[in-house]
Amino acid sequence: MTSPTLAALLLSALAMTAIVAVRYVAASGLFAWLTQRRLPGHYAGLDAQIRREIGWSLASAAIYGVPAGIIAWGWQQHGWTRIYADPHAWPLWWMPASVLVYLFAHDTWFYWTHRWMHRPRVFRAVHAIHHASRPPTAWAAMNFHPIEAAVVGLFIPALVFVVPIQAGMLAVVLMIMTVMGVTNHMGWEIFPAWLVHSRAGNWLITASHHHQHHERYRCNYGLYFRVWDRLCGTDAGLAAWQRRRSA
Ligand SMILES: [Zn+2]
Ligand SMILES: [Zn+2]
């Protein structure tokens with residue numbers, strides 16, 4: 001490998017790490033600010049926890065960013081991956097369908113690796129860091145041990161080599177991943193009750209659902225959808241916010 005190639009690779013890895021870190025700080029910062037406005041004092045007494053959440057999340061940014069940077073470089077230089085730019089390269093219906101395929105595939109990967117991470121030895125060694133967020137805050141979105149960050153964060157970079165996706169649709173997937181990662185940990189429900197308790201809401205994961213996972217551990221393992229939790233009998237329903245907030 002020539003040194004200009006190596007320099008370009010390093011630069012791409014560094015740039016992508018910076019983008020992931022800035023995306024995290026912007027998204028978590030925005031929703032933490034919103035929490036402060038909507039529910040002043042909601043994160044009172046959690047300063048030390050929030051500092052740990054930010055520290056681990058920034059380390060995760062590098063674990064997400066370096067492979068993503070290498071792939072972005074390979075995409076531009078060598079046409080790696082099945083990411084395509086021209087929306088007409090595939091039938092137009094594939095654009096929204098690919099977003100659903102990506103989300104469902106990521107959710108499936110997340111559900112089963114998450115259950116694995118709740119095996120006692122793996123939990124103690126790896127996943128306990130994520131569960132140290134009690135209650136989680138908007139800063140906990142990427143609060144992962146490096147091994148967990150790699151398990152969670154390398155799935156989409158691998159999937160782009162297998163399943164074709166238009167570049168803009170990939171951005172949509174990443175945006176949904178970022179927003180749901182933050183809002184699911186916010187400690188309150190941002191989505192309206194009519195949606196959360198609707199027929200569609202029964203299959204979607206929002207904070208009301210993931211918060212239960214942080215309180216009760218061995219239930220509600222999913223990421224976006226409740227499909228696997230329901231199929232496998234691990235769905236414990238939604239959090240009782242009133243009881244928790246008065247506790
Ligand atoms: Zn969580
Ligand atoms: Zn867990």
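Which residues in α1 meet which residues in α7?

**Figure 1. Contact of α1 with α7.** In this predicted model, local features need pLDDT of at least 70 and side-chain atom pairs count only at pLDDT 80 or more, while totals for chains, interfaces and linings use all residues. Residues are numbered from 1 along each chain as its sequence is written, and chains are lettered from A and ligands numbered from 1 in the order in which they are written. Arg23, Ala27, Ser28 and Phe31 in α1 meet Thr178, Val179, Val182 and Thr183 in α7; two residues are in contact if their C-beta atoms, placed from the backbone, lie within 7 Å. Four residues of this contact are nonpolar, three polar and one charged (Ala, Val, Leu, Ile, Met, Phe, Trp, Tyr, Cys and Pro count as nonpolar, Asp, Glu, Lys and Arg as charged, and the others, Gly among them, as polar). The helices are DSSP runs of H or I with at least four residues, strands are runs of E with at least two, and both are numbered from the N terminus. The axes of α1 and α7 lie 10 Å apart at an angle of about 45°; axes are lines fitted to C-alpha atoms, for helices over the stretch in contact, and angles run from 0 to 180 degrees between N-to-C directions. The pair is therefore oblique (under 35 degrees is roughly parallel, over 145 roughly antiparallel, 65 to 115 roughly perpendicular and the rest oblique). The crossing of α1 and α7 is right-handed, that is, the near helix is turned clockwise from the far one by less than a right angle.

**Figure 2. Contact of α3 with α7.** Helix α3 spans residues 94-117, and its axis comes within 9 Å of that of α7, crossing at roughly 40°. These two helices are therefore oblique as well, and α3 passes α7 in a right-handed crossing. From α3, Met95, Ser98, Val99, Tyr102 and Leu103 meet Met169, Val172, Val173 and Ile176 of α7. Eight of the contact residues are nonpolar, one is polar and none is charged.

**Figure 3. The largest nonpolar core.** A nonpolar core is a set of buried Ala, Val, Leu, Ile, Met, Phe, Trp, Tyr and Cys residues joined through C-beta atoms within 7 Å. A residue is buried if 20 or more other C-beta atoms lie within 10 Å of its own, exposed if 12 or fewer, and partly exposed in between, with C-beta atoms placed from the backbone. The largest core has 32 residues, and Tyr64, Met142 and Ala149 have the most contacts inside it. Two or more residues come from each of α1 (3-38), α2 (47-78), α5 (146-153) and α7 (167-183), and α2 gives the most, with nine. Leaving out residues up to four places away in sequence, Tyr64 touches Val20, Ala149 and Gly153.

**Figure 4. His213 and Asn220.** His213 lies in helix α9 (residues 207-216) and is buried, with 24 other C-beta atoms within 10 Å. Not counting residues up to four places away in sequence, His213 touches Cys219, Asn220 and Tyr221. Asn220 is in the loop between α9 and α10 (227-231). Phi of Asn220 is near 50°, a positive value in a residue other than glycine.

**Figure 5. A cis peptide bond.** Arg134 and Pro135 are joined by a cis peptide bond with omega about -5°. Pro135 is found in the loop between α4 (120-131) and α5.
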